[in-house]
Structure formats: C-alpha cells, structure tokens
Amino acid sequence: MKLPSLLKLQKHFFVAKEHIFMESGELSASGFLYPSGVHALRIQNTRGELIILPFKGQQIWRATFDGHELTMKSMFDEPPETEDFGASYGCFMLHCGMTAMGNPSAVDTHPQHGELPALFYDTAYVAVGEDDIGRYIEVGGEAYYRRAFEIGYIANPQIRLYEDQTLFDIRMTVTNKRNEPLSYAYLCHVNFRPVEGAEIYDTSNSIVVHQDVPGTLPPDKAAALLAYIEELARNPRRMYRIDAETQIYEPEIVFTMRYDQDERGWAHCMQLAPEGDGHYVAFRPDDTPYGIRWIARTGSEDALGMALPATAEHKGLHYCRMNGQMKTLPPHEAVTFHVKAGYLDSSQLQNMRRNMK
C-alpha cells in the first residue's frame with residue numbers, strides 16, 4: 001500500500017501508545033499523547049529524531065542525534081498543558097512574537113515572548129517530499145491569530161528533516177490578513193545544552209552585555225552575578241568557553257550580538273565540544289538582524305541559547321517601540337524567517353568551520 005505524501009493530523013489520531021503515522025524509506029513519523037494530554041509527533045531519520053508539539057506552538061520539544069541530547073536541561077520532562085510560559089519552559093525550540101516579544105517590562109501587558117510560544121494551531125500536517133537537497137520529512141501547520149479591529153495574521157511554521165542529516169530547517173511564515181500594517185517582532189528561541197569545556201565559535205562582530213540583575217536574588221548571589229556581568233562587560237570573550245567553575249549564569253545573562261554574513265547571506269554559530277563534535281545554528285541577518293545570546297545555568301536549568309535569531313532585542317514591547325526595533329508588515333503581505341540548527345559530528349564540524357572563515 002502506497003502511503004500518502006501528506007497527512008493532515010487530527011487530534012484523535014494521538015493516543016497514549018505511540019504508533020506510526022507515516023513511513024517513507026528511512027524517514028518516519030509517529031504520534032503519541034504525553035500523560036499531560038499534550039499531542040506529540042516524533043519524526044526520525046537514520047541519525048536521530050525531533051519531538052514536535054504540532055498543536056502547541058509547533059515547538060520542538062526534544063532534539064536527539066547520534067545519541068546526543070541537544071535540548072537544554074529543565075525541570076520539565078514532558079510539556080504540561082498550559083499557556084503559562086514559565087510553567088512549561090524546557091523545549092529545544094519555540095517561536096516567539098509576533099505582536100510583542102521578550103520579557104515584559106513594568107509597563108507591558110503582553111505575556112512573556114508574546115503569543116506565539118503556546119499558540120493553538122488550527123491545522124497541522126506531516127509530509128514527505130524531495131527537493132534539491134534530498135528527501136525530507138516535514139511538519140507544519142496553520143494558526144489564525146485574530147483580535148477584532150486590531151490584529152489578524154496567519155502563522156505557517158515548517159520544520160524539515162532530511163535523510164541521514166543532523167541539521168534541520170526551521171521556518172516561520174507570517175501573513176498579515178488585515179488592511180492595516182502589522183507591527184511585529186520575532187525571535188526563534190533555540191535552546192542547546194551547554195557542554196563543559198566547549199568553545200563557542202561564531203561570525204559575530206559586536207557584543208553588548210545586559211547588566212540585568214533580578215531584584216528577587218539573595219544579596220550574595222546578586223553581588224556575585226553583578227561582579228561577573230561587569231567582568232564580562234570588560235572582556236566579553238570570557239563567555240566563549242563553557243566553564244561552570246569560573247562563570248556565573250544564575251539565573252541568566254543575556255547578550256545582544258550582531259553578526260557578519262557569508263556570501264550566501266548566512267550568519268553562523270557553533271558550540272565545539274572537547275570530543276570534537278558540536279552544536280550549530282545559522283540564520284539570515286537580513287531578516288533577523290540580532291543574534292541574542294542567552295545563557296542560564298542554575299543547576300535546575302542548563303541552557304545555551306548561543307544565537308537566538310531575532311528582529312529586536314528581548315526587553316519587551318515598550319523597549320522595542322522606544323528604540324525603533326518594531327518591524328512593519330504591510331497589508332496582505334508575508335514575511336518568512338529561516339533558521340538552520342542541529343548537531344555536527346567531528347568531520348562535519350571541521351568542514352563547517354573551514355567554510356565559515
């Protein structure tokens with residue numbers, strides 16, 4: 001029996017016991033329900049797998065390749081059924097935006113990182129196909145975000161995993177459906193797990209260290225964090241080596257970075273592990289001019305957002321407006337953001353590093 005090239009996903013397909021939805025050669029997709037009730041889709045190739053939440057923000061919950069878990073450490077083994085950002089945070093990738101993005105300030109009313117992280121998707125699909133790179137399996141969907149007299153846009157995310165590849169493509173296309181321009185900000189939150197002793201290698205050309213110390217920290221921890229932030233402000237290159245013994249990222253430190261692009265328009269960032277393999281993310285500065293770096297190492301959380309492609313900084317709607325960082329999407333037009341991410345074995349990593357020079 002010939003399997004369909006595209007399957008529209010229905011929530012009743014997903015049950016507690018995982019079962020196959022689609023197979024094509026070495027590519028497959030299977031679905032299951034977490035005990036929390038969240039629907040999950042596992043897509044696999046010969047090298048690894050992604051677990052995607054097709055109806056909950058189209059998040060990538062977990063990413064594993066060649067036996068290596070790429071995803072940040074968190075308190076959440078599974079995604080809870082909630083729209084509360086802090087009550088479910090622990091995924092590998094989530095889309096952030098569009099009507100607001102970042103941490104809300106005292107004068108902001110938007111949820112953390114906007115409506116996209118937990119946006120409910122009206123439709124979702126899994127498909128197999130072939131392009132000039134090769135055979136792939138793809139997950140996508142559509143959500144119509146509407147607010148009467150104010151906002152109306154359609155979000156169409158897409159995640160594409162190729163045969164025998166450890167890098168995958170992440171896209172988000174947003175179409176403004178109203179007759180008025182849409183003011184927007186977007187960030188792709190890609191959360192790797194730090195590797196002790198690893199070196200970060202990138203094509204950045206500027207770094208700003210944000211001196212934000214939460215008022216809720218105990219005085220001794222606040223003083224230690226501030227001292228380390230001031231040290232980083234003098235020498236930002238200190239954070240290019242992952243070293244828990246000499247660095248303080250509790251609860252977090254955020255950096256605003258700008259990147260050079262290669263002749264194809266891509267900026268690059270890698271975490272090079274002592275064993276010779278590593279993690280990788282690439283983006284297009286023409287579309288996402290900032291590569292926000294976010295590091296959090298609390299013991300309960302261990303995260304290296306080494307380059308979060310973004311149209312604006314992470315400080316909320318008011319800050320973005322005051323600093324002229326909000327973008328405008330004309331009526332009935334669309335914008336697409338494209339990110340590449342994943343794992344590189346030692347030979348792939350060395351080839352990538354040579355190509356970045």
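What follows is a chat about how the labels on this predicted model come out of its values.

Biologist: What makes E1 and E9 count as a pair?

Modeller: The rule asks for at least two bridges. E1 and E9 are joined by three bridges and run antiparallel, so they pass. Leu 7, for instance, stands opposite Val 126 in E9.

Biologist: And what joins E9 to strand E10 (residues 135-147)?

Modeller: Eight bridges, again antiparallel. Thr 123 has Glu 142 in E10 as its bridge partner. The hairpin of E9 and E10 has four residues between the strands, and Gly 134 there takes a positive phi near 150 degrees.

Biologist: Why is strand E9 (residues 123-130) called largely enclosed?

Modeller: Because six of its eight residues are buried, the rest of the structure largely encloses E9.

Biologist: Over at the other end, how many bridges hold E17 and E18 together?

Modeller: Six, between strand E17 (residues 267-272) and strand E18 (residues 278-283), in the antiparallel sense. Leu 272 stands opposite Gly 278 in E18.

Biologist: How do you know that the buried residues of H3 line one face of the helix?

Modeller: The buried ones are Leu 349, Met 352 and Met 356. Looking down the axis of H3, they fall within an arc of 65 degrees, so they line one face. Their cover includes E12, E14, E17, E18 and E22. Arg 354 and Asn 355, on the other side of H3, are exposed.

Biologist: Let's do single residues. Why is Val 339 called buried?

Modeller: The cut-off is under 20% relative accessible area, and Val 339 comes in at 2%, so it counts as buried. Val 339 sits in strand E22. Its contacts beyond four places in sequence are Phe 168, Asp 169, Ile 170, Cys 188, Val 281, Ala 282, Phe 283 and Pro 309. Take Phe 283: it is 56 residues from Val 339 in sequence, yet the C-alpha to C-alpha distance is 4.8 Å.

Biologist: On to the rings. Why is the pair of Tyr 186 and Phe 337 called stacked?

Modeller: The structure holds 15 aromatic pairs. To pair, centres must lie within 6.5 Å, and planes under 30 degrees apart count as stacked. Tyr 186 and Phe 337 have centres 4.2 Å apart and planes at 5 degrees, so stacked it is. Tyr 186 lies in strand E13 (residues 182-190) and Phe 337 in strand E22, so the pair ties together parts 151 residues apart in sequence. Both Tyr 186 and Phe 337 are buried.

Biologist: And what makes Phe 14 and Phe 55 edge-to-face?

Modeller: Edge-to-face needs planes over 60 degrees apart. Phe 14 and Phe 55 show 80 degrees, with 6.2 Å centre to centre, and get that label. Phe 14 is in the loop between E1 and strand E2 (19-24), while Phe 55 is in the loop between strand E5 (48-53) and strand E6 (59-65), 41 residues apart. Phe 14 is buried at 3%, and so is Phe 55 at 8%. Phe 13, Phe 14, Phe 21 and Phe 55 form one aromatic cluster.

Biologist: How do you know that Arg 146 lies over the face of Tyr 144?

Modeller: The distance limit is 6 Å, and the charge must also be within 35 degrees of the ring normal. Arg 146 lies over the face of Tyr 144, at 4.0 Å from the ring centre. Arg 258 likewise lies over the face of Tyr 290, at 4.1 Å.

Methods: Residues numbered from 1 in each chain as written. Predicted model: local features only at pLDDT ≥ 70, side-chain atom pairs only at ≥ 80, totals over all residues. Heavy atoms only, no water. Helix = DSSP H or I, 4+ residues; strand = E, 2+ residues; numbered from the N terminus. Buried < 20%, exposed > 50% of the residue type's maximum accessible area, 1.4 Å probe, protein only. Contact = heavy atoms within 4.5 Å. Phe/Tyr/Trp six-rings, centres within 6.5 Å; stacked < 30°, edge-to-face > 60°. Arc of directions from axis to C-beta.
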